[in-house]
Amino acid sequence: MAIKLTIDQGNTSAKAAVWQNDSIVTEAVYRRLTGADIDVLADDFGGTFDASIYSSVSDSDGKARDRMRERSRRFIELDSSTPLPIKIGYSTPATLGRDRMAALVGAYGITAGEWTLVVDCGTAITYDVLSPDGVFIGGNIAPGIFMRLEALNHFTARLPLVETDGDCPMWGTDTESALRSGAVNGVVAELRYYRSQLPVAEPKVVLTGGSAHLVSQRAGFELVVDNELVSKGLNSIINYNEDI
């Protein structure tokens, strides 16, 4: 029974998931992942992982990554040279975010054979297109919902900073709801537009990220919300590299 560790190091936190074959048996989120955190996870599962993968969108001190390498029989640091079960049709693959790569692989495991829009609603929002045969066609990057609210507060004299959760009508009835509705409904409108640009009438749409719940309930069409999408993609990359 293979025990695997996946680490998704994002802009503000790191998500760890321990897998038994293809099921998550434990997971945790760290504001700052350390080598000691890796030790605790490993010790809970016999001291050594059969395989692990580390994905980071930011420069880190490398201590947690190095401890993963020490505590794993097989270790992958995800980068543009890592073999993937999808093809990357990006002109600069070395600049493609590792989380985007993993989310695309995770989505392909759900919607293989369909045109798919993969949306990660995090600090930034990415809209990525995956062809039925598993080719990443390309995608766009936009400010996330909270980033939009922060920008409105920062670059104006009197607009307050409001939270993403709260009253969000179609049309705001006060400054707070107008700001929130503008940010959230603006993203919903983006989602609908990008979905309409895919070459089929009913493409699959897969959402992940911290703000996915705010968007999915207003989308107006059927979609998949998967908060484990990046972790699932990382696990699939481990499995794929075992087989080649």
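Which residue is the bridge partner of T116 in β10? The bridge partner of T116 in that strand is K204.

This is a predicted model, in which local features need pLDDT of at least 70, side-chain atom pairs count only at pLDDT 80 or more, and totals for chains, interfaces and linings use all residues. Residues are numbered from 1 along each chain as its sequence is written, and side-chain values use heavy atoms, with hydrogens and water left out.

Helices (H or I, at least four residues) and strands (E, at least two) are DSSP runs, numbered from the N terminus. An open sheet of 6 strands has mixed pairing and the order β6-β9-β8-β7-β10-β11. At its edges stand β6 (87-88) and β11 (224-225), each with a single partner strand, so one side of each is left without a neighbour in the sheet. Two strands pair if DSSP finds at least two bridges between them.

| Strands | Bridges | Direction |
|---|---|---|
| β6 and β9 | 2 bridges | parallel |
| β7 and β8 | 6 bridges | antiparallel |
| β7 and β10 | 5 bridges | parallel |

K87 stands opposite V135 in β9. Helix α5 (residues 175-196) packs on the sheet, touching β7 (116-121), β8 (124-130), β9 and β10 (204-208); contact means heavy atoms within 4.5 Å.

In β7, 6 of 6 residues are buried, that is, under 20% relative accessible area (1.4 Å probe, protein chains only). T116, V118 and D120 point one way from β7, while L117, V119 and C121 point the other way. With β8, β7 forms a hairpin with 2 residues between the strands, and V118 has D128 as its bridge partner in β8.

Methods:
Axes fitted to C-alpha atoms, helices over the stretch in contact; angles between N-to-C directions. Buried < 20%, exposed > 50% of the residue type's maximum accessible area, 1.4 Å probe, protein only.
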